[in-house]
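Colleague: Could you take me closely through the sheet in this model, together with the helices and the loops that go with it? I would like one connected account, with the cut-offs behind each term.

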Amino acid sequence: MCTRTLGFFALLFFVSVFTASAQNYAGPQPPIIDVHFHGSLGAQPGAQPMCPNEPGFAASDPNTVEARNGWVKVPCSNPIMPIPPGEYLKAVAADMQRLNVTAVVFGDATTLPQWEAAAPGRIIPGGSFRATVNRDGAKAVGVVPNNFKPVEEVEADFIKGHYKVMGEIGLQSLGISPSDMSVDQYFALAEKLDVPVAIHMGTGGSGRANITTPKYRGSLGNPLLLEELLARHPKLRVTVMHAGYPMIDNMLTLLQENSHVYVDIAGLIWSYPLSEVNRYIERLVTAGFEDRVMFGTDLGESGWEGLLPYSINVVQNAEYLTPDQKRDILFNNAVRFYRIDTSKLAK
């Protein structure tokens with residue numbers, strides 16, 4: 001067995017022990033805000049157990065049946081199991097209560113009410129401008145290309161308070177730059193209504209961009225593609241989801257240039273080797289942007305409920321972060337960005 005694999009096992013053992021001790025802690029848990037949840041209701045058919053922070057991306061052969069993602073498969077002592085529909089919401093809500101987590105949950109008229117019922121007072125609803133169903137359950141009509149909603153419908157949803165955050169905006173998987181004028185009306189609306197937006201940039205190909213998402217382009221995850229959008233809409237508040245990984249230099253350039261831009265570390269935090277995750281977060285912090293890094297998990301896509309406590313512990317165990325920096329990432333920065341009234345958060 002290689003040294004790298006042994007180190008991976010040791011890490012998982014350490015994290016599992018730390019997680020168990022944290023979950024048994026009897027004192028009051030300091031509040032945490034996860035800014036990147038998905039409103040799915042459980043594992044999709046065929047979902048597999050996963051070992052977080054897997055060691056890399058495997059090559060594949062187009063003449064074979066290729067997996068939907070390209071993570072190297074390694075055994076681990078404490079895999080995170082997918083939880084099926086019917087059990088998932090209850091399990092996640094229990095985690096949120098125990099760990100004192102409030103989450104920005106991206107969903108629609110079908111899923112968000114179920115989340116709000118399962119975790120009352122802990123859900124900040126988010127919705128995009130891609131059409132699914134409207135609040136009354138009817139199919140969206142009059143959609144524009146790429147299945148986008150008419151801007152008037154999006155505006156009505158936000159004015160009525162159905163959503164508080166515009167996201168997840170996954171233009172990269174559609175082959176569209178965030179500065180493309182075909183979507184500018186939606187960002188103009190967000191600026192007008194003072195709604196924060198969350199834009200997917202960076203990680204997501206999983207080594208299978210040409211297999212599962214043919215329009216996905218890594219180049220469209222370049223954070224500097226936001227420059228023209230931000231120049232047109234200087235008051236727009238933007239979260240760069242996944243912190244634009246792996247384009248750290250361009251991400252730092254954008255943060256230096258635009259003080260209304262924050263990042264989340266969701267997905268990134270468990271998708272790559274832990275040393276790489278820590279290196280990336282440390283670069284953001286040591287470059288002077290500790291007040292604009294926000295915690296997130298990207299929970300929900302495959303029903304891996306255990307990623308919430310696991311991801312919290314990645315931040316808590318980061319030796320390069322001070323206690324104050326950990327609290328900023330886990331809570332304070334999101335409170336500032338989303339202008340959250342902390343007196344109204346569930347206890």
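Modeller: What follows starts with the sheet and then turns to the helices, a histidine and some backbone details.

This is a predicted model, in which local features need pLDDT of at least 70 and side-chain atom pairs count only at pLDDT 80 or more, while totals for chains, interfaces and linings use all residues. Residues are numbered from 1 along each chain as its sequence is written, and side-chain values use heavy atoms, with hydrogens and water left out.

The sheet is open and has eight strands in the order E1-E2-E3-E4-E5-E6-E7-E8, with parallel pairing. Strands E1 (32-38) and E8 (293-294) stand at its edges, and each has a single partner strand, so one side of each is left without a neighbour in the sheet. Here helices (H or I, at least four residues) and strands (E, at least two) are DSSP runs numbered from the N terminus, and two strands pair if DSSP finds at least two bridges between them. Within the sheet, strand E6 (residues 238-241) pairs with strand E7 (residues 261-264) in the parallel sense over three bridges, and Val240 stands opposite Val263 in E7.

Helix H2 (residues 88-99) packs on the sheet, where it touches E1, strand E2 (101-106) and strand E3 (123-127), and its direction makes about 140° with that of E2. Helix H12 (residues 323-338) also packs on the sheet, touching E1, E2, strand E4 (165-169), strand E5 (197-200), E6, E7 and E8, with a direction at about 75° to that of E1. Contact means heavy atoms within 4.5 Å; axes are lines fitted to C-alpha atoms, for helices over the stretch in contact, and angles run from 0 to 180 degrees between N-to-C directions.

Two further helices pack on each other: the axes of H8 (residues 248-257) and H10 (residues 274-289) come within 11 Å and cross at roughly 30°. That makes H8 roughly parallel to H10, on a scale where angles under 35 degrees count as roughly parallel, over 145 as roughly antiparallel, 65 to 115 as roughly perpendicular and the rest as oblique. The crossing is right-handed, meaning that the near helix is turned clockwise from the far one by less than a right angle. The contact is made on H8 by Ile248, Asp249, Met251, Leu252, Leu255 and Gln256, and on H10 by Tyr280, Arg283, Leu284, Ala287 and Phe289.

In the loop between helix H7 (227-232) and E6 lies His233, which counts as buried at 6% relative accessibility (buried is under 20% relative accessible area, exposed over 50%, partly exposed in between, with a 1.4 Å probe and protein chains only). Not counting residues up to four places away in sequence, His233 touches Asp184, Phe187, Ala188 and Glu191. With the side chain of Asp184, the side chain of His233 makes a polar contact at 2.9 Å (a pair of N or O atoms within 3.5 Å; within protein, one must be able to donate a hydrogen and the other to accept it, and residues adjacent in sequence count only if both atoms are side-chain atoms).

As for the backbone, most residues other than glycine have a negative phi, and most peptide bonds are trans. A cis peptide bond joins Gly167 and Glu168, with omega about -10°, and Glu168 is in strand E4. The bond from Tyr245 to Pro246 is also cis, with omega near 10°, and Pro246 is in the loop between E6 and H8. Asn53, in the loop between E1 and H2, has a positive phi of about 55° and is buried at 2% relative accessibility.
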